[in-house]
Amino acid sequence: MAAARLKTLAAGLPTEGENSKHPRAGDIARLDVAVGGPKDRLGDLSARIRAAGLDAAVVVDDDRHVLGLLRGKELGLDPELPVENAMRTGPSTFRPYIPIKEIADYMVEHELESSPVTTSDGKLVGLLLKSDAVECAASATPCVRKMIR
């Protein structure tokens with residue numbers, strides 16, 4: 001599972017209050033995700049995925065904005081192929097502030113093995129694995145949502 005880090009929400013600011021104790025997507029996302037650019041060769045990125053011990057890679061631009069995602073099916077293609085010709089464009093992403101219980105339920109329901117976690121402007125925070133989300137959610141208490149009256 002991801003290493004401990006300062007909990008942050010929107011704009012990278014630290015959290016506080018009652019819900020700051022509850023894990024969120026950004027707390028659990030793996031930072032050691034394999035990344036590559038659209039012009040990289042698929043074979044080179046596949047080697048980085050294996051080195052990271054993951055099943056997916058995130059395609060990013062020079063500013064780490066998410067452009068696409070590669071999973072097993074794409075990784076089995078011609079290793080000389082440019083990543084931009086193999087990637088899944090416009091992948092679903094999660095924001096770092098989403099409670100882990102909510103994310104785990106969604107990932108199980110939609111059979112997502114992994115998903116990028118991004119800032120609101122699309123910059124990569126990390127890769128959230130369903131196995132990590134489910135494991136963490138099993139022992140986490142839900143966030144408290146207080147309604148304004």
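How many helices and how many strands does the chain have? After that, please look closely at helix H4: which of its residues are buried, and what covers them?

A: A word of caution comes first: this is a predicted model.

Start with the whole chain. It has five helices and six strands. From the N terminus on, the elements run α-β-α-β-β-α-β-α-β-β-α. The chain has 149 residues, and 42% of them count as buried. Take the contacts with a separation of 6 or more: residues 24 or more positions apart account for 53% of these. The accessible surface comes to about 8,400 Å². Carbon and sulfur atoms hold 53% of that surface.

Now turn to H4. The buried residues here are Ile 100, Ile 103, Ala 104 and Met 107. Seen down the axis of H4, they fall within an arc of 100°, so they line one face of the helix. The face turned away from this buried side looks quite another way: Asp 105 and Glu 109 sit there, and both are exposed.

What lies over the buried side? The cover includes helix H1, strand S5 (114-118), strand S6 (124-129) and helix H5.

The largest nonpolar core of the model has 16 residues. Those with the most contacts inside this core are Ile 100, Ile 103, Met 107, Leu 128 and Ala 133. H4 provides the largest share, four residues.

Ile 100 deserves a stop of its own. Leave aside its neighbours within four places in sequence. Ile 100 is then in contact with Pro 23, Arg 24, Ala 25 and Ile 28, among others. Its list also includes Leu 128 and Ala 133. Cys 136, Ala 137 and Ala 140 complete the set.

Follow the chain past the end of H4. Glu 111 comes after the helix, with a positive phi near 55°. That is a positive value in a residue other than glycine. Glu 111 is found in the loop between H4 and S5. Is this residue buried or exposed? Glu 111 is exposed, with a relative accessible area of 66%.

For contrast, look at another helix, H2 (residues 42-52). Its buried residues are Leu 42, Gly 43, Leu 45, Ser 46 and Ile 49. Seen down the axis of H2, these fall within an arc of 160°, so they also line one face of their helix. The cover over them includes strands S1, S2 and S3, along with helix H3 (72-75).

Those strands belong to a sheet. It is an open sheet of four strands, in the order S1-S2-S3-S4, with mixed pairing. The edge strands are S1 (34-36) and S4 (88-89), each of which pairs on one side only. H2 packs on this sheet, touching S1, S2 (57-60) and S3. The direction of H2 makes about 160° with that of S1.

S3 (residues 66-70) and S4 pair in the antiparallel sense over two bridges. Leu 69 has Arg 88, in S4, as its bridge partner.

Arg 50 and Ala 34 are 16 residues apart in sequence. In space, they are 8.6 Å apart, C-alpha to C-alpha.

Just after H2, Gly 53 takes a positive phi of about 70°. Arg 64 has a positive phi of about 70° too, although it is not a glycine. The place of Arg 64 is in the loop between S2 and S3. At 34% relative accessibility, Arg 64 counts as partly exposed.

One face of H4 is lined by its buried residues. The face turned away from them carries Asp 105 and Glu 109.

Notes: Residues are numbered from 1 along each chain as its sequence is written. This is a predicted model: local features need pLDDT of at least 70, side-chain atom pairs count only at pLDDT 80 or more; totals for chains, interfaces and linings use all residues. Side-chain values use heavy atoms; hydrogens and water are left out. A nonpolar core is a set of buried Ala, Val, Leu, Ile, Met, Phe, Trp, Tyr and Cys residues joined through side-chain atoms within 4.5 Å. Buried means under 20% relative accessible area, exposed over 50%, partly exposed in between (1.4 Å probe, protein chains only). Contact means heavy atoms within 4.5 Å. The arc is that of the directions from the helix axis to the C-beta atoms. Two strands pair if DSSP finds at least two bridges between them. Axes are lines fitted to C-alpha atoms, for helices over the stretch in contact, and angles run from 0 to 180 degrees between N-to-C directions. Accessible areas come from the Shrake-Rupley method with a 1.4 Å probe; for residues, only the protein chains shown count as cover.
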